[in-house]
Every structure is written in structure tokens, then in C-alpha cells.
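Work through the two exercises below with the sequence and the model open. Each has a task and a stepwise solution.

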Amino acid sequence: MSRRDFLVFEVGAAKFAMPLSLVEEVVPAGQITPVPDAPGFFLGLSAVRGKVMGVVDASLRYGIGPSLNSHFVVCRVRGNLTAIAVDRPVVAGAVPVRDLSPEATEEKRNEAKIDASFVVAGFELLEDIEGLEIDTGVTFLEIRPDLFVTTEMALRTGEG
Amino acid sequence: MDQDLELLQAFLAESTDILNRMAGDIDSLRLDPANADTVHALFRAVHTIKGNSSFLDLTGVTALSHAAETLLDKARNGALSGREALPQLLTLATDDLRAMIEGQEFTLDVSATVAAIETHLRGEAPAPMVAAAAPATEAPPVSKPMDAARVNSNFTRVSDDKIARILSVASELELLRYSLEQFPERLESAAPALADLRFDMELQVGKLSRLSRSLRSLIFGVRLVPVNQAFQRFPRVITELGKKLGKEIKLQIQNGVAELDKFIVEAIADPMTHLIRNAADHGIETAEERVRAGKAPQGTVRLNSYLRANFVYIEISDDGRGIDGDRVLAKAVEKGIVPAEKAASLTEAQKLGLIFAPGFSMAAQVTDISGRGVGMDVVKNNINQLKGTVILDSKLGRGTTIQLRFPMSMAVLFSLFVDVGATKCAVPVDQVDESMDYFAGELLPSVPDGADPAEYLALYSIRGLLFHDETPAGLQRRCFHTLRFKDEPTKAFIVEEFSAIEEAVVQSLDAYIAALPGLQGATIRKDGSVALVLNPQSIAAIAERTLPLGYVKKHVQVVEEIGAPPFADLA
């Protein structure tokens, strides 16, 4: 068993985790202003603490069902602050986990119908986390916001 | 002498940074010896040190960096055997460079290191190295006793990150001020009996506003410096270049009132030096050549900086021979940068753009000044890293102009807020010439035969141009609100609604968002939502490629000569 620092959150019915070191902060979702010629998952611009940043819809980006987008996870994507809209942040901190094999990760990924390119690995929660309604044995998929780099490319080609 | 000291200070600070970066690159080279990017980065680094040191007559530094550069040049061209020795030789060289630069021991004997590099080079290339041998062997001892008066680098280096955080707090404060300013009025309309309280509050909020504004301008004061600070070293650079090249070159510095982030101004000095060297070396012809072409014998290099929209432009132009697009193309095909079968389809601008490709060089001879296949790609990379853009324009026989364009980090612009579809947008007031309503009945399918086109306006919908979702119903309006942008006398742009003229703190966007069409930035509104700051030039350019919705005859404007022009009190 190991403990690792994660931000765990939900998007639709899927549960994700992101290395906590990549997260700047989590804030309630703010108003979003759409921008011209952006791909669908790029929702537009929003202001977080006086800074304008792009907002990416996690559910559209991962290719899963619609979500509430109730919170923004603010993280650095290639040096740029970017907000990722998610449903519900669940917990941030050291999580007791057991790593899944690549095969098991693949299986979970297929189950959740998630675009494989965003998934780094899968792991399973080993203990209840105090005060939170999470069962042990729940599987999470680990993603990294820097994998959104394709966002930039897609946007640039939108310039065409 | 003061200028010399200043140059030396700048050289020391810059070279220390470069050496630190090189240390990291040499480490990565040990792990991944085949990485071409690393070799390229190292090459550029020593190239910069060499170029700058040669202007300061630091012959030891120049000789050693020249040797290291030759080594790296061979390595990046795949012509260096015994490549595994590269990290070790580079460490040797950078240790000596560091001793000279950080310790200001410019007279340090570097001949052993230079010899080690040359031996290695000769080991696999018996042919004499034309470029490497000359300065290394005949390097005279440094004449200036620089270490007698040791130079202090009186720079305070504050991390960009820290300043960014201060700025973000300041802009949050600005936001708070905006919303607080509305409170007194809201208070009175909610409870008219509290009029006294309202006035008190107004007074206090007014004080807060002034403080917040002056805090903002103070922070900007720390960060913004005149762009022409970066120009200071160039008169001397041009004089030296003229002497070395045997050309008559005059430097004209124009305007130079624009201000930019201190960090950017420091960082552009190096790419600008490259550009000026290129202009003098490749652009300006010899006096005889110029006279034959019917030009004045003395060539001119011009530096200019100015503000336009939310951008600062820095222009380096020369009245030299210009760049021959076809020659550039031929060279690029020869070097394998462009496949021969694609060559015919390139436009003139694309041909010129090849100059920015890595490894491209036009110079027939390798010179000490420029022309070793480094230059334009370095310039472009450096400028792009600063969120800037390089724009090249050249007319054969007439000269070359290079524009460096930087977004202002945060500008406060009085802006007209408009609705484009459901999106709030802002257009800086100084970029709007006119706002006017036209009625649906005035709409014409084309300019009538025989009429003066200058009296008509082509109508475009901004919503249609940017969001491609102009509905037919949207065009059934009885009345069109339009904007006419500066320098676009025959186009008018439809918006859904005009709202207010307000101060907008315009934030520049991350590069990948700024690449979207029609935008020059974003601003946060009083309610915390984001409004897009439109770029009229870019919108007009999109309109240029689009059919207008129709035409209207311009309304004759009644110009009243009484009082101030509109918005004058705001601007």
C-alpha cells in the first residue's frame, strides 16, 4: 500500500485523480465567455482571482457524458493557467492506494469509455477517507493536465 | 566610458544567465548525446557570448567561445566524430568562460582549452579549420585593465512569477474597486433615507479608487521601461560594424516612446543585436554598390518603436539590397528545408519566411559578424518565448523591415462595450471612428452603378465573422447598430447592442488563445464575467475575405466644432 497526493474528482459517473502538485486551486465554477473558432471542449474564458484563463470541459475532453461543470480545477498546462471544469472535487491529499496493472487500467478505461490518451494509470482506494462518502475499492483513473497540450494544437489549427 | 560600463554590466548579467542554461544543457547532453535540440541550444548560447564579447574587445572570451562554437557547429552538422568527448570539452570551455565572466578575469589564459578543442577538431578533420584558427592563435592579451574597476551588477532580479502574483492581486483589487464604486448609488436607491451615508460612502470609495489606481500605476512603473533603453547599445554596435565591414552606415533612432515590460526590454537586446548585425552585414551594400544602384553612399539602419492597439511594435529597417525571395527559396531547397517539388507553390511571403527555418543561412562566407546559420531562427524563438511575433517585409533593392510585435502585458484602455450575439465584447475607443445606426430600408445589395464607392459602407456582422452563426432572423432587424473602425473608411460592422464606455483593464491572453481570430485580449467586467477585447485590424482582415451582407450610403456626419470631440475627456 502506498499513499500519494492526489486531487480526486468526479466527471459524470467517472472518477478521476490528478497529481496534486499540478493543481493550483479548486474554485466554484464562474461565468464563461465563449470565444470564436474554438473546438467544442474549449468552453471559453473565465476570470479566476483577477486572471483571465481558458476553460476546458473535462467531460467533452475525455469523451464521456455531459457533466454539471460545477467546479474549476485550476492547473498549469504548459506554463499557462487553465481551468478544467469538473463535476465535484472529492478530496485533495494523501490517498491510500493500490496501483492497478496496465491491463486492469485498460479495462476500467473501457468501462468508463474514456479517451485513452489522457489516462496515465489506474489505482484503487484502499481505505475509507475520513468524512467522505467514498467506498474502498473504488477505482480511479489518473490523468495529467499537461496531456491537454493537444488543446493548444487544436486551437492553433482553428486559426486557419 | 559610462556606456562601456553599462554594456559590460549587461554583458555580464546576460552571459551569466547563458552559462547557467548551458550547464543544464551540457548535463542533458551527457544523458542524451544525440539530441539535436540540445546541441542547437548550446550552439546558440556560445554564439551569443561570442558576438557580444567581440564588441567589448574581450578577446579571450571571443577566442574561446569561437572555438566552442566551431565544435558545436560540426556536431550539429553531424560532422564531428569522437562526439562522446563533446560534454567534457564543453565543460572545460564553460568553466573557463565562467571564470572570466563571473570572476571578471578577462586576461585568464585560455590557450590550453582552445588548444584542446582544436586538437580534437583536427583529430578527425585534417583539413585546416578556416574559421577556428584565426582568432584563437593570434588572440592578443586584453589591453583594458577592466578588473581595476570591478563592475557591480546593480540589477535586482525579481522572478517574473512574483511580479505576476503582485499584478494579479492588484487587478483583483481593481475589480473590487469597480464593484464598490456602484454601491453608493445602489444604497440610495434601496434606502433613500440613507442619503448622508451614501455621500460618506462615496467619499471613502473615491479615496479607495485613487489609492487603487496609484497602486496599479506604481506596479506598472516597476515593470514598464521605455523600449529605447534596449536601443542604447546600438549606436556603438553600428559604428563598430561599419568599421569592421568597411561600409558607411548611419543609425537613426526614431520615436522610441513606447514602454514595455522590463523583462522583455532586457530580453530583446540580444535578438535585436542579431537583427542589426544582419542588416549591416547582409542588408546594407558597400558604398560603390549603393552608388551604382543610384542610392546615397551611406546606408541607413532605422530603429523605431510605437504603440498600436494593444501592441508595442519595434521596427528595425534598412535601406539596403532587400531579400531576394527566389534566392532564399533556392538556398532552402539546397539545404533540404523545402522539398524541391513544393518549391513552385510558395508565395513571396512564404519564401521570405523560410529565413526563419532552423539552420538556414544566406551567407556565402562565414564571418565573425553573422552568417553561420544562426540568427533568424534564434531571433524568432527568442521573440516567441516572450509572447511576441516577428513580421518580415522586404523589397528587393529597396530594403528590409522587421517588426517585433509584443502584446502589452496589461493595458488600461477606454473601451466601447458591445454585444456580439450573447457575448460581451469591448473595442478600445481610440480604434473606433464612428458608431452609427442604419435602418433596414437603407440596405442595398451593391453600390449603385456610377456612384462613388467612397460614399458607401460595406456591412458585415461581427457575430457572423467571428462565430459563424449569424441567423437569417438576425438580419431582419429594423435597425442596425454599426461600428466603423479606424483606417477602415468603407466598412461598417454590425453589433447587437451598444452598452457602455468604460475603463477596461486589458489582459493579454495565453498564446494559444491569442491565436484565435479577432481577439487582442480580454477584460474582466464589474460583474466578474470576461469580455473579449476585439482586434479591429484582425476583424477587418477577416471581412476582407468575406462577402458583405449589403451596402449602405454613409450618413453625412454633422461635425460640430464646438466643445471637445467625443471621448476626449476620457482619453
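Axes are lines fitted to C-alpha atoms, for helices over the stretch in contact, and angles run from 0 to 180 degrees between N-to-C directions. The model is predicted: local features need pLDDT of at least 70, side-chain atom pairs count only at pLDDT 80 or more, and totals for chains, interfaces and linings use all residues. Residues are numbered from 1 along each chain as its sequence is written, chains are lettered from A and ligands numbered from 1 in written order, and side-chain values use heavy atoms, without hydrogens and water.

**Exercise 1.** Determine how helix 2 of chain B packs on helix 11 of chain B.

**Exercise 2.** Describe the interface of chain A and chain B.

Step 1. In contact are 24 residues of chain A and 24 residues of chain B.

Step 2. The two chains bury about 2,200 Å² between them, 62% of it on carbon and sulfur atoms (accessible area, 1.4 Å probe, lost on being put together, summed over both).

Step 3. Pro36(A), Gly50(A) and Val52(A) supply 25% of the area that chain A buries against chain B, more than any other three residues.

Step 4. Zero salt bridges are found across this interface (side-chain nitrogen of Lys or Arg within 4 Å of a carboxyl oxygen of Asp or Glu).

Notes:
Contact means heavy atoms within 4.5 Å. Helices (H or I, at least four residues) and strands (E, at least two) are DSSP runs, numbered from the N terminus.
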